[in-house]
Amino acid sequence: MPIHYPPAQPTISGDNVTISRFLKDPTLVARRLRTLAEQRFIADVLLSARLTTESGSVLYETGESIYSDRAPEAVTPGSEYPLTTIGTGDAQLAKTVKWGRDAEITDESISRQKIDPVNRALTKLVNNTVKTIDSVALAAIASTVTQTTAASASWATGTPNILRDVLRAVANIRALNEGFEADTLVVDDLTYANIMSDEKFAQLIARESKDSPVYNGTFPVIANLRVLPTPNLPTAGVAMVVDSTQLGGMADENIGGPGYVSAEGVGIQAKTIRKDDEDKWRIRARRVTVPVVLEPKAAWKITGVAA
């Protein structure tokens, strides 16, 4: 299922779904978690392949070439065609990790504040899940992707050449001739602000259009690359140009268990537990997953983008 980043702001109608019915139905909770998670997960956007495992581990090959081991040769009439071996990538094994957290909501808080404590609990559960898993996934990408070039100048001060630096990274990926086509630029929040406020970009934007950072505070596309800001990059001052269709995927495991419902598309699983002896609800959000980088050459780092 495609992940849209970011989607529209989620809503929940307290008029149509009572709070008690909502909490009793883990499917509704899972849908709510999914709606919140889709706004935040950048790992599922960059690692777009949807992988599953039933054993708790995933075996995959990385860095497989799109070419045969030998180039074609001239064949004289009546001669036998020469053979070539077909190489594979390096075999890798990754093990899933169960990430999860519970939150408790008392009957008193629901009675006094209605749906608000439920919304806050779900939002905070998702925020922590996203922060943790995105940090793990981005660290895995950063450690696997070794191709780098330095920015011609800092994007924060002086006279930056942001567009040129980005296009050079795109060109470097294409020059590998492995079939990769970059579609995403990943930066930290401060670098995103520097990009949006860059005067050179302002001069390149159509003057007749109000679809610009000055008016709407967003800069979704640069040279046909969507720009995704995240606070979870492992190293400051590094931007990444990525082919998100080829880089890799998130390998999710459904370990089952009574009462769990999956939020399809983002791997989040939810469970609601009624604690009658204590007059409260316990809400659980978990994800059993591991990031898998299949094609390290599908990304390129730009270093030195921050002063």
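## Strands and the sheet

Two strands count as paired if DSSP finds at least two bridges between them. Helices (H or I, at least four residues) and strands (E, at least two) are DSSP runs, numbered from the N terminus. With that in hand, look at the sheet in this predicted model: six strands form an open sheet with mixed pairing, in the order β5-β14-β9-β6-β8-β7. Its edge strands, β5 (148-150) and β7 (221-222), each pair on one side only. In general, strands of a sheet pair through backbone hydrogen bonds, either parallel or antiparallel.

## How to read the numbers

Residues are numbered from 1 along each chain as its sequence is written. Because the model is predicted, local features need pLDDT of at least 70 and side-chain atom pairs count only at pLDDT 80 or more, while totals for chains, interfaces and linings use all residues; side-chain values use heavy atoms, with hydrogens and water left out.

## The chain as a whole

The chain has nine helices and 14 strands. Of its 307 residues, 42% are buried; buried means under 20% relative accessible area, exposed means over 50%, and partly exposed is in between (1.4 Å probe, protein chains only). A contact means heavy atoms within 4.5 Å. Among the contacts in the chain with a separation of 6 or more, 80% are between residues 24 or more positions apart.

## Around strands β6, β7 and β8

Strand β6 (residues 184-187) and strand β8 (residues 225-229) run parallel and are joined by four bridges. On the other hand, β7 and β8 run antiparallel, with two bridges between them. Helix α7 (residues 189-196) lies across β6, β7 and β8 and runs at about 120 degrees to β6. For such angles, axes are lines fitted to C-alpha atoms, for helices over the stretch in contact, and the angles run from 0 to 180 degrees between N-to-C directions.

Now zoom in on T184, which is found in strand β6. Is T184 buried or exposed? T184 is buried, with a relative accessible area of 0%. Not counting residues up to four places away in sequence, T184 touches L46, L225, R226, L228, M240, V241, V242 and S244. The C-alpha atoms of T184 and I222 are separated by 8.9 Å, although these residues are 38 apart along the chain.

## Turns with a positive phi

Most residues other than glycine have a negative phi, and most peptide bonds are trans. The hairpin formed by β7 and β8 has two residues between the strands, and A223 in the turn has a positive phi of about 50 degrees. N224, in the loop between β7 and β8, has a positive phi of about 70 degrees although it is not a glycine. N224 is exposed, with a relative accessible area of 68%.

Another example is D279, in the loop between β12 (268-275) and β13 (280-293). D279 is not a glycine, yet has a positive phi of about 55 degrees. D279 is partly exposed, with a relative accessible area of 38%.

## The nonpolar cores

In soluble globular proteins, nonpolar side chains tend to be buried together. Here, a nonpolar core is a set of buried Ala, Val, Leu, Ile, Met, Phe, Trp, Tyr and Cys residues joined through side-chain atoms within 4.5 Å. Which residues touch the most other members of the largest nonpolar core? Of its 65 residues, they are I141, W155, L185, V241 and I302. Helix α5 (residues 116-144) supplies the largest share of this core, 10 residues. Leaving aside neighbours within four places in sequence, I141 is in contact with L46, L47, M240, L247 and V293. A second, separate core has six residues, including A94, A251, V290 and V292.

Helix α5 also holds T123, which is partly exposed, with a relative accessible area of 27%. The C-alpha atoms of T123 and L33, 90 residues apart along the chain, are separated by 7.8 Å.

## A charge over a ring

R286 lies over the face of Y260, at 3.4 Å from the ring centre. A charge sits over a ring if NZ of Lys or CZ of Arg is within 6 Å of the ring centre and within 35 degrees of the ring normal.
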